[in-house]
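Could you walk me through this model in the viewer, one selection at a time? I would like to know what to pick next and what is there.

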Amino acid sequence: MGEKDVGCTARRVPARRRDKLLIVKAGGWSDSPRTHHFRANEQSTPRFGANADAIRIFAMRTLSLIAAIGWSLALAIAPAHAQSADAPESGRRTCLVLSGGGARGMTHIGVIKVLERERIPVDCIVGTSMGAVVGSLYASGMSATEMETQLRALDWDTMFVDRIDRRTFTQRRKEEDRSFLAKGGFGLRDGKLTVPPSVFEGQRLAVALRAALLPSANIPRFDDLPIPFRAIGTDLETGEAIPMDHGDLVNVVRASMAVPGAFAPVTYEDRSLIDGGVSLNLPVEIAQAWGATRIIAVDIAAPLKKREQLTDPFSITDQMVTALMLKETKRQKERLSADDVLIVPELGDLSSADFDAGLEQGVAMGEQATLEALPRLRALQLSPDAYAAWRDARLARLKPIGRVERVELVNTSGMDDDALRAYLSTQPGDTVDAARIEQDLSKLYGLGEFSRAYYTVGEDENGDTVLTYVTRSRRWEEDGTLKFGLFMQDDFEGQGEYQIGARYGKRELNRFGADLRLEARLGDRNRAYAEFNQPLDLRRRTFLRPSLEWNGENQTLLDRDNRTGEYRHNRWEARTAFGISLSDWGEVSAAPFLRRNHFDLRADSLAADVPRTSTSAGVDLAFTLDTQDDAEFPGKGWYLHARHTRYISALDSDTEGFTSRAQASYAFTALGGRWQLGARAQTHAGDAYEDTATLGGPFRLSGYGIDRLQGRGSALTTLQYHYPLAQMLQYPLFVGGSLEAGQLWGHGRTATFDRSIFGGSVYSALDTPLGPIYFGLGLAEGGEEAVFLRFGQPD
């Protein structure tokens, strides 16, 4: 269920006398010898604010609550049997206990700020969930100020989304984004449809944590960290609270915050662990069993909702599990003694899902609550010299990470080890450069072959630095993938287009990474398609791509005298493309093809001078560049696709001439929204009747009906603006508009500016898992207008 590279030695926690305690409820320095860095994500598009993340993570939590509810009820009846590692060394007496609470956990940073400012040292840290995140950063040598600065640098709107920057994808994967297929799909395993074991894998968050915790990556025992540390997870099988005391610190923190259903369980020794908050959100007894004589406990858990707030199944389920967690938290508070300090910041309705608000408000609230506790905390205060000595001794525990002596690979995917190594740039003798390593992993993850891709840094028995790359398979796709797609558009004037289809894919068929695609569509355009893609080198820079295709559709064709007719066009085609992949930004290819056309005049149409059958042979030359960050609503980057088809007299071909097509767009952000400047053109010479140019429909002269205008050639320019209005779960809702200018020309004619048609549109648009939805009004000069609805993305 997860990574099997961390471990724990644990034993039962003894009971302890329950005494009175002080409960405080509220109405540094930065000269570390090693700098910790989160790597901030580039913000390529305008941000939608905190509500987007709040809704998304609330949905995450709801899934987890439903998944965990059965055995959570059992925990309420029989309290968890927590376990503990060995007692701390002599002199470690004050322990900081940090509870979980999602984004409310940013409050812990404010608490630590005051402890540092008032020179109050802690000898050990125990944290659960978000408390484990903040606790691990502090334990590894980072100051509160450094934590706050680097957490603010993260884009929390994308931190819980696994999909990495689209610009790092291979062109083959990018082209799927521009098809009619839905964003998600199913896996196939043992003859059954399967889904991922969780909503998110946490790839982005793990990358950020690993960069921040890199200076302590070569310290496998958490007792040896600058401040000894324990993270709490919950055994998925038994429901016990498990303190983790060694292993890969990042995976340990991931286990502690693995919300069930939202994140996959993490394997720790022989256990599958999920979020520690399920069993022990405020792990006081772990600190006590560790030998702490004085505890500073910080409880930031969300309170129960009022009756009037419980209006739907989600809020009721959330309330039920929160009640169970608070029951155990109450038991933990009762264990505290008169010498202990409990800090409970007044966080009000601060959301556990809004991380931006947690940083903006929660940090200050944590400071305020800790300031109110200072009368008791000052008993722990050190002199400036003593605190400086404590701080220096703490940071001296960090061990410099030497040059890489050995690079290892742990690969559980179907991708060949040698092919995988071809993507790795760090070699023995290099320094450990987090940015460089993460760039390699982004390219690997962008292949779509892995559920996770990460690295660890450690030392072998000789003290040599070992860099290990770890790639985890998408086990639910062991026998392939199945994606479905839906596309429809209608102008409410009798013209529409409807398609439904599916695509089967199977990757990694050999050591070079061959893959197979089989596709079928039904509707106004029927299609059957098979393609085999065979890379010719381990880095997949060159490829051979044979394919077979049949298409059947109704089409308006244009003869040499510019007369049109309605035909049923059936096409059979075989082609083999030879190409070169241009890193992660495009590809170029040449594809010889043979095509057989059947044109059947529809009964209600006038005839044009079009033959009943034709045979075409030739070569397609294609060039694609794609650096846009999103296929449908990009905020930055270029897209260019150019294709030149040259028909030749061979293999009984009766078609001559050429057809050239080009499409380009440039995306940028300004005035709070996303802009896209686009242009497309098509022209042909000869008798390839199937290559008729069309305009009309959404963003192709929107005031006209779908494909209402036909010609030998066409040209179109557009300027679109999308303003982010709201967010529905993780999908943005836009209002927008377009300005458009285009024209067509027939045989014997050329493009001239005075024949241009000007128009535009206003619309609303919603991105969805099945594709974008547009609803709008198109206008064009001459009084042309059309209401349009489009669902899905045309290809």
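Over which residues does pLDDT stay under 50, and how many contacts beyond four places in sequence does the model have for them? Select residues 1-91: pLDDT stays under 50 there, and the model has 294 contacts beyond four places in sequence for this stretch. Keep in mind as you look around that this is a predicted model.

Next, pick C95 and C124 and show their side chains. A disulfide joins C95 to C124, with the sulfur atoms 2.5 Å apart. This bond ties together distant parts of the chain: C95 sits in strand 4 (residues 94-98) and C124 in strand 5 (residues 124-128), 29 residues apart. Both C95 and C124 are buried, and the disulfide count for the model comes to one.

Now for the salt bridges, of which there are 57. Side chains of opposite charge can pair when their charged atoms come close.

Start with helix 5 (residues 171-177). Here E175 and R172 meet in a salt bridge, 3.7 Å from N to O. Because these residues are three apart in the helix, about one helical turn separates E175 from R172. E175 is partly exposed, at 27% relative accessible area, whereas R172 counts as buried at 10%.

Move on to R571 and E549, whose closest N and O atoms are 3.6 Å apart in a salt bridge. This pair links distant parts of the chain, with R571 in strand 22 (residues 564-581) and E549 in strand 21 (residues 542-558), 22 residues apart. Both partners count as buried: R571 has 18% relative accessibility and E549 has 12%.

R708 lies in the loop between strand 28 (693-695) and strand 29 (709-711), while E784 belongs to strand 34 (residues 784-791), 76 residues apart from R708. R708 counts as partly exposed, at 42% relative accessibility.

Select F492, V762, F775, L777, L779 and V787 together: they make a nonpolar patch of about 530 Å². Strand 33 (residues 773-780) gives the most to this patch, with three residues. Zoom in on F775, found in strand 33; F775 is partly exposed, with a relative accessible area of 45%.

Note on methods:
Residues numbered from 1 in each chain as written. Predicted model: local features only at pLDDT ≥ 70, side-chain atom pairs only at ≥ 80, totals over all residues. Heavy atoms only, no water. Disulfide = S-S within 2.5 Å. Helix = DSSP H or I, 4+ residues; strand = E, 2+ residues; numbered from the N terminus. Buried < 20%, exposed > 50% of the residue type's maximum accessible area, 1.4 Å probe, protein only. Patch = residues over 30% accessible without salt bridge, like charges linked within 9 Å, V, L, I, M, F, W, Y side chains within 5 Å. Areas by Shrake-Rupley, 256 points an atom, 1.4 Å probe, with all protein chains shown as cover. Salt bridge = Lys/Arg side-chain N within 4 Å of Asp/Glu carboxyl O. pLDDT = per-residue confidence, 0-100. Contact = heavy atoms within 4.5 Å.
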